[in-house]
Amino acid sequence: MRVSREKFAENREKILAVAGELFREKGFDGIGVADIMKAAGLTHGGFYGHFDSKDELACEASKALVARSLERWKEVAASSPDQPLEALLAHYLSHRNVVEHATGCVFAALTQEVSRHGPKMQSTFTGGLMGLVEVLEEIVPGETPEERRRKAFASLSAMVGAVILARAMDNPELSQEFLSATRQELSPPPGESNG
């Protein structure tokens, strides 16, 4: 039985969404194609009608996650025009982002694995990370574009690092301390916001 183009596209999007969640939860190598297809409610045999390989699926799912992450950061910053950096810090350095691996930050979940998955995957993550740097460059304090760029790189490093470290803790209070200390250090003093 042939599947309509609309249903085919719908199935592909479903596979990408499910794969994105499962990759963030279990890592690229922690889940197989059969389990991804089962979770999507589709047959294993149907996979190869959509993707040539699991690596292709991982790249496509990562592209979608990276794009969604960038859009979300822009939305959060725009939602608080008077304090965009503070809004972004509150959004990102949150308990939810630490405990919800399957729906949390793609960068905190998968960045450590990217270098083992080749240049195509690295290119996807490079583009995504640079997009986040650009968002931060617009909202961190600084006198010059160079100073804001440096602060944007440092802020992104601290933010993602704080979430990764908070996830590694078996103590909820210490986990929260990573988040709150990073948020406090990155928040500009009153009157210094660039946004």
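**Figure 1. Helices α4 and α7 are oblique to each other in this predicted model**. The angle between the two helices is about 140° and their axes lie 9 Å apart. An angle over 145° would count as roughly antiparallel, so the pair is classed as oblique instead. Helix α4 covers residues 84–92, and helix α7 covers residues 118–139. On the α4 side, the residues that meet α7 are Pro 84, Leu 85 and Leu 88. Their partners in α7 are Val 135, Leu 136 and Ile 139. By class, this contact has six nonpolar residues, no polar residues and no charged residues. Two packed helices are described by the angle between their axes and by the distance between those axes.

Figure 2. Leaving aside residues up to four places away in sequence, Leu 136 touches Trp 73, Leu 85, Leu 88, Ala 152, Ser 155, Leu 156 and Met 159. The C-alpha atoms of Leu 136 and Pro 84 are 9.3 Å apart in space, while the two residues are 52 residues apart in sequence.

Figure 3. A polar atom of the Ser 155 side chain lies 2.7 Å from the backbone oxygen of Lys 151. Not counting residues up to four places away in sequence, Ser 155 touches Leu 136, Val 140 and Leu 186.

**Figure 4. Ser 62 is a buried serine in helix α3**. Ser 62 counts as buried because its relative accessibility is 1%. The side chain of Ser 62 reaches the backbone oxygen of Ala 58 at 2.8 Å. When residues up to four places away in sequence are left out, Ser 62 touches Phe 28, Met 121, Thr 124 and Phe 125.

**Figure 5. Helix α6 is largely enclosed by the rest of the structure**. Seven of the nine residues of this helix, which runs through residues 106–114, are buried, and therefore α6 is described as largely enclosed. Which residues of α6 are buried? They are Val 106, Phe 107, Ala 108, Ala 109, Leu 110, Glu 113 and Val 114. The elements that cover these buried residues include α1 (5–26), α3 (54–79), α4, α7 and α8.

**Figure 6. Phe 47, Tyr 48 and Phe 51 form a cluster linked by ring pairs**. The structure holds five aromatic pairs. One of them joins Phe 47 and Tyr 48, with ring centres 4.8 Å apart and ring planes at 85°, so the pair is edge-to-face. Phe 47 has a relative accessible area of 0% and is therefore buried. A pair of aromatic rings is described by the distance of the centres and the angle of the planes.

**Figure 7. Gly 49 and Gln 83 are found in two loops**. Gly 49 lies in the loop between α2 (33–39) and α3, and Gln 83 lies in the loop between α3 and α4. Is each residue buried, partly exposed or exposed? Gly 49 has a relative accessibility of 52% and so counts as exposed, whereas Gln 83, at 44%, counts as partly exposed. From C-alpha to C-alpha, Gly 49 and Val 114 are 25 Å apart in space, and they are 65 residues apart in sequence. Gln 83 and Ser 187 are 104 residues apart along the chain, and their C-alpha atoms are separated by 9.7 Å.

**Figure 8. The protein as a whole has nine helices and zero strands**. Read along the sequence, its elements follow the pattern α-α-α-α-α-α-α-α-α. The C-alpha trace spans about 65 × 35 × 30 Å along its principal axes. Of the 195 residues of the protein, 41% count as buried. Among contacts between residues at least 6 apart in sequence, 64% join residues at least 24 apart.

Key: Residues numbered from 1 in each chain as written. Predicted model: local features only at pLDDT ≥ 70, side-chain atom pairs only at ≥ 80, totals over all residues. Heavy atoms only, no water. Axes fitted to C-alpha atoms, helices over the stretch in contact; angles between N-to-C directions. Helix = DSSP H or I, 4+ residues; strand = E, 2+ residues; numbered from the N terminus. Parallel < 35°, antiparallel > 145°, perpendicular 65-115°, else oblique. Contact = heavy atoms within 4.5 Å. Nonpolar A, V, L, I, M, F, W, Y, C, P; charged D, E, K, R; others polar. Polar contact = N/O pair within 3.5 Å; in protein donor to acceptor, adjacent residues only side chain to side chain. Phe/Tyr/Trp six-rings, centres within 6.5 Å; stacked < 30°, edge-to-face > 60°. Buried < 20%, exposed > 50% of the residue type's maximum accessible area, 1.4 Å probe, protein only.
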